[in-house]
Amino acid sequence: MAGKLRSTNLSVFLTAGMALKTWADTGSFDREIEIYKRLSNEMRQINLVTYGGINDYAYRRRLKNIRILPTRWHTKRFYNQVRLFSLFWPFLSRSNILKTNQIRGSELAVWAKKVFKKKLIVRCGMLHSKSIKGGSDNPEKILRAERLEEHAFKN
């Protein structure tokens with residue numbers, strides 16, 4: 001198994017709109033990044049798709065040999081897709097595995113899976129729809145969350 005990991009490139013998509021600064025400000029940076037630091041010693045390359053723009057480069061030293069692929073989040077999915085493709089095509093196309101950090105980051109990961117024909121791991125700490133249902137009576141918002149989950153899990 002170790003030999004397979006040595007030849008593996010992993011690209012991780014953070015939660016939609018999530019910046020590394022947010023992780024740092026909320027005190028979750030070290031917890032969130034620990035598994036990737038450990039895996040980076042066993043894998044060829046780990047890439048983090050982040051949404052704090054170039055400001056995320058400020059965390060390079062804390063990530064050691066994990067590559068940051070920083071972009072900005074747009075509410076229009078098409079802009080995110082074009083930006084990711086144009087900026088990070090070489091890194092995403094060489095990834096063996098794509099992974100989400102949360103369901104709310106799955107839309108772009110599913111898109112990249114289809115474009116680059118890669119394997120996808122969908123991770124969710126808690127179902128997004130359950131969280132939305134607990135905090136909203138808006139049926140449209142709940143339906144969007146359920147559809148996002150369904151789309152991610154099908155892919």
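Student: What should I know about the model before we start?

Tutor: It is predicted, so local features need pLDDT of at least 70 and side-chain atom pairs count only at pLDDT 80 or more, while totals for chains, interfaces and linings use all residues. Residues are numbered from 1 along each chain as its sequence is written, and side-chain values use heavy atoms, with hydrogens and water left out.

Student: Thanks! How many helices and strands does the protein chain have, and what counts as one?

Tutor: The chain has eight helices and five strands. Both are DSSP runs numbered from the N terminus, a helix (H or I) having at least four residues and a strand (E) at least two. Helix H6, for instance, spans residues 106–116, and strand E5 covers residues 119–121.

Student: How do you know that E4 pairs with E1 and with E5?

Tutor: Two strands pair if DSSP finds at least two bridges between them. E1 (residues 9–13) and E4 (residues 97–100) have four bridges, in the parallel sense, and E4 has three to E5, also parallel; therefore both count as pairs. Leu98 of E4 stands opposite Ser11 and opposite Leu120 in E5.

Student: Which strands stand at the edges of the sheet?

Tutor: The open sheet has five strands in the order E3-E2-E1-E4-E5, with parallel pairing. E3 (66–70) and E5 are the edge strands: each has a single partner strand, so one side of each lacks a neighbour in the sheet.

Student: What makes the unit of E4, H6 and E5 right-handed?

Tutor: A crossover is called right-handed if, with the strands pointing away from the viewer, the path from the first strand over the helix to the second runs clockwise. E4, H6 and E5 make a β-α-β unit of that hand.

Student: Why is Val82 called partly exposed?

Tutor: Buried means under 20% relative accessible area and exposed over 50%, with partly exposed in between (1.4 Å probe, protein chains only). Val82 has 40% relative accessibility, so it counts as partly exposed. This residue lies in helix H5 (residues 77–93).

Student: And which residues of H6 are buried?

Tutor: Ser106, Leu108, Ala109, Val110, Trp111, Ala112 and Phe116 are buried in H6. Across the protein chain, buried residues make up 44% of the 155 residues.

Student: What follows H6?

Tutor: Lys117 follows H6, and its phi is positive, near 55°.
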